[in-house]
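Hi everyone, thanks for coming. I'd like to walk you through a structure that may be new to you, so please have a look at it first.

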Amino acid sequence: MQQEAAAVGTTNFKGMTLERHIREEERNHPGARGLFTRLVTQITLAAKIINAEVNKAGLVDILGLTGEVNVQGEEVQKLDEYANDVMRKALDHTGSVAALASEEMEDVYVIPGEYIEGGEYVVLYDPLDGSSNIDVNVSIGSIFSILRRKGESGPTELDDFLQPGVSQICAGYVIYGSSTMLVYTTGNGVDGFTLDPSVGEFFLSHPDIQIPERGKIYSINEGNSSKWDESTSRYITYLKEEDAESGRPYSGRYIGSLVADFHRNLLKGGIFLYPGDKKNPSGKLRLLYECNPMSFIVEQAGGAASDGHRRIMEIQPEKLHQRVPFIVGSKHDVADAIRFMSRGGN
Ligand code: AHM
Ligand code: MG
């Protein structure tokens, strides 16, 4: 009889859905009045819709470039635009969000007045990061960062978005991989949820994620090595040297999809670098909707994030689409990298 029951119930139901988790987290934000829960719940809805489309990407006529160029001067693929629209539509009537900013939109999107009840939050997101990987079936992701507006009332200003990462009240990402996961923090540790596609629900699968203090993996685009400055070159050479005591050489792993490279290192330990180089002194990645949310998550998991000299989350942003050199991962590895950067490679 017991055997029959086991055969029927294949889903491992442990009960902690993402929605319930968010509700419980909201208790840490007195005065949030359910608005915050509604907001994050809408992000998870967007994640499910984007996930469904990403899974269909090989089947429908959604692949290929639109021929347009986004604000970073990159070609936009159709799925990026789709994901951007899904996020915007999921968030533009929650009542709690006053304005949105996205990698795919040049300016901030101010939500029309009739849809703003409290309107105390602004959300920044990269709707589909690593999009050059879409048509080769490699993991991609969405990243989001939630800030409380600076001003209580009045029109939303760009200034509401230009807050340092330490002001984030929630950050997370969704990885569309061999399974779909949502990982988020509200400043109370990091939890990971896996989408059970059979019921369309995210379940807590990785409670209280801790990144190992030191890893054995480094992730960097080595194709850029001719443009690296001396400090980056020396640090990467150091990681490849033989030294059993300090666990070197490290293994190189680079997917070229920030969410996927970050997620692997978060679980296994290691370091990811997108440094500034001779051609692009500020690197490639964007401070507000790529680096800040990942930094909040990694710090909450016990790791660190730096531009080589400054803690990422303390950088005062000046522009919406600002780029920043990004070094993120296990705390001892990031500390080693910073030592190389501060010595200028000597
Ligand atoms: P995107 O936002 O246009 O997708 O670019 C960001 C991506 C990251 O996911 C990844 O870490 C990086 O670009 C890879 O860049 P590169 O191909 O220069 O190594
Ligand atoms: Mg991106």
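Let me start at a loop. Pro249 is found in the loop between H5 and S12; those labels are DSSP runs numbered from the N terminus, helices being H or I over at least four residues and strands being E over at least two. The peptide bond leading from Arg248 into Pro249 is cis, with omega near 5°.

Some housekeeping before we go on. This is a predicted model, where local features need pLDDT of at least 70 and side-chain atom pairs count only at pLDDT 80 or more, while totals for chains, interfaces and linings use all residues. Residues are numbered from 1 along each chain as its sequence is written, chains are lettered from A and ligands numbered from 1 in the order in which they are written, and side-chain values use heavy atoms, with hydrogens and water left out.

Now the overall picture. The protein chain has 8 helices and 15 strands. Of its 346 residues, 54% are buried; buried means under 20% relative accessible area, exposed means over 50%, and partly exposed is in between, with a 1.4 Å probe and protein chains only. Among contacts with a separation of 6 or more, 64% are between residues 24 or more positions apart, a contact being heavy atoms within 4.5 Å.

Strand S11, residues 217–219, and strand S13, residues 271–274, are parallel and share 2 bridges. In one of the pairs, Tyr218 has Ile271 of S13 as its bridge partner.

One residue I'd like you to find is Asp333, in helix H8, residues 331–342. Is Asp333 buried or exposed? Asp333 is buried, at a relative accessible area of 0%. Its side chain makes a polar contact with the side chain of Arg214 at 3.1 Å. A polar contact is a pair of N or O atoms within 3.5 Å; within protein, one must be able to donate a hydrogen and the other to accept it, and residues adjacent in sequence count only if both atoms are side-chain atoms. Leaving aside residues up to four places away in sequence, the neighbours that Asp333 touches include Tyr235, Tyr250 and Ile271.

On to ligand 1. There are 17 residues around ligand 1, and Asp129, Gly130, Tyr254, Leu258 and Tyr274 come nearest; a residue is near if one of its heavy atoms lies within 4 Å. Polar side-chain atoms of Tyr274 lie 2.6 Å from a ligand oxygen, and for Glu103 the distance to an oxygen atom of ligand 1 is 2.9 Å. Arg286 has a side-chain N or O atom 3.2 Å from an oxygen of ligand 1. The protein covers 85% of the 470 Å² of accessible area that ligand 1 has on its own; areas come from the Shrake-Rupley method with a 1.4 Å probe, and for residues only the protein chains shown count as cover. S5 and S13 are the elements that give two or more residues to this shell.

Finally, let's look at S8, residues 180–185, where 6 of 6 residues are buried. Thr180, Leu182 and Tyr184 point one way, while Met181, Val183 and Thr185 point the other. In a regular strand, side chains alternate between the two faces of the sheet. S7, residues 168–176, runs antiparallel to S8 with 6 bridges, and a hairpin of 3 residues joins the two. On the other hand, S8 and S9 (190–196) are antiparallel over 5 bridges, with Tyr184 opposite Asp191. In the S8–S9 hairpin, Gly187 takes a positive phi near 95°.

Definitions and conventions
Two strands pair if DSSP finds at least two bridges between them.
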